[in-house]
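Hello,

Here is the structure for you to open. My notes on what turned up follow below it.

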Amino acid sequence: YKRQASSLASLKVPQTNSSWQGDFIRQYSNCDVSVAVSTERGLITPIIKGANQKGLETISAEMKDLAGRARENKLKLDEFQGGTFSVSNLGMFGVSHFSAIINPPQACILAVGGSQQRVLPAEEEGQYRTANVLSVTLSSDHRVGDGAEAAVWGQHFKKYLETPELMLL
């Protein structure tokens with residue numbers, strides 16, 4: 001969900017799907033999501049091209065294929081160079097929260113921690129409920145977009161995660 005939600009939210013806030021080009025900002029019409037993958041040779045970021053135009057099943061299958069080939073050192077240059085937005089997920093390592101460093105010239109990277117079950121207030125006063133809460137942090141290049149735009153992106157991202165039917169293509 002996170003890769004598709006981030007790509008769709010990036011189209012709602014174009015500054016997050018842009019890059020700093022030294023003396024100008026380039027905005028992209030499609031979101032090519034770079035996803036951090038740990039390999040024996042270090043970190044590599046294969047790209048889900050046009051993630052905003054793909055369904056969850058397609059994105060999942062592509063990511064599984066790309067990650068496997070990344071670990072075998074079998075990616076082509078165009079499969080890991082470029083990208084317009086990055087996602088780094090350390091939740092599977094038990095990390096609940098972290099900040100990721102932007103991959104220039106991209107404007108943003110999303111750091112995804114693991115979900116944790118929390119007790120939250122329910123709609124009825126004095127009542128509580130449990131929910132799985134996911135911690136994410138968006139790092140952004142302020143030469144391209146400011147914190148307010150990143151916050152708007154976060155609102156869209158949250159809406160997509162909480163209402164996945166909005167992501168159906």
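Ala122 is partly exposed, with a relative accessible area of 27%. The cut-offs behind that label: buried is under 20%, exposed is over 50%. Bear in mind that this is a predicted model. Ala122 sits in the loop between E8 and strand E9 (128-140). Setting aside neighbours within four places in sequence, Ala122 is in contact with Gln127, Tyr128 and Arg129. Leu77 is 45 residues away from Ala122 along the chain, and their C-alpha atoms are separated by 50 Å.

Next, Ile25. This residue belongs to strand E2 (residues 25-27). Ile25 is also partly exposed, at a relative accessible area of 38%. Not counting residues up to four places away in sequence, Ile25 touches Ser18, Ser19, Trp20, Arg143 and Val144. Gly145 is 120 residues from Ile25 in sequence, yet the C-alpha to C-alpha distance is 9.8 Å.

Now the helix pair. Helix H1 (residues 2-12) packs with helix H3 (residues 147-162) at an angle of about 140 degrees. Their axes are 8 Å apart. Over 145 degrees would count as roughly antiparallel, so H1 and H3 are oblique to each other. The crossing of H1 past H3 is right-handed. On the H1 side, the contact is made by Lys2, Ala5, Ser6, Leu8, Ala9, Ser10 and Lys12. H3 brings Trp153, His156, Phe157, Tyr160 and Leu161. By class, that contact has 7 nonpolar, 3 polar and 2 charged residues.

Which residues of H1 are buried? They are Gln4, Ala5, Ser6, Ser7, Leu8, Ala9 and Ser10. Their cover includes H3, along with helix H2 (56-71) and strands E3 (33-35), E7 (85-89) and E8 (108-121).

Last, the core. The largest nonpolar core has 30 residues. Those with the most contacts inside it are Ile48, Phe85, Leu110, Leu138 and Trp153. H1, E3, H2, E7, E8 and H3 each supply at least two residues of this core. The largest share, 5 residues, comes from H2.

Leu110 is worth a click. Not counting residues up to four places away in sequence, Leu110 touches Ser6, Phe85, Ser86, Val87, Ser88, Val136, Thr137, Leu138, Trp153 and Phe157. Two of these partners, Trp153 and Phe157, also take part in the contact of H3 with H1. Ser6 is on the H1 side of that contact.

Best wishes

Notes. Residues are numbered from 1 along each chain as its sequence is written. This is a predicted model: local features need pLDDT of at least 70, side-chain atom pairs count only at pLDDT 80 or more; totals for chains, interfaces and linings use all residues. Side-chain values use heavy atoms; hydrogens and water are left out. Axes are lines fitted to C-alpha atoms, for helices over the stretch in contact, and angles run from 0 to 180 degrees between N-to-C directions. Helices (H or I, at least four residues) and strands (E, at least two) are DSSP runs, numbered from the N terminus. Angles under 35 degrees count as roughly parallel, over 145 as roughly antiparallel, 65 to 115 as roughly perpendicular and the rest as oblique. A crossing is left-handed if the near helix is turned anticlockwise from the far one by less than a right angle, and right-handed if clockwise. Contact means heavy atoms within 4.5 Å. Ala, Val, Leu, Ile, Met, Phe, Trp, Tyr, Cys and Pro count as nonpolar, Asp, Glu, Lys and Arg as charged, and the others, Gly among them, as polar. Buried means under 20% relative accessible area, exposed over 50%, partly exposed in between (1.4 Å probe, protein chains only). A nonpolar core is a set of buried Ala, Val, Leu, Ile, Met, Phe, Trp, Tyr and Cys residues joined through side-chain atoms within 4.5 Å.
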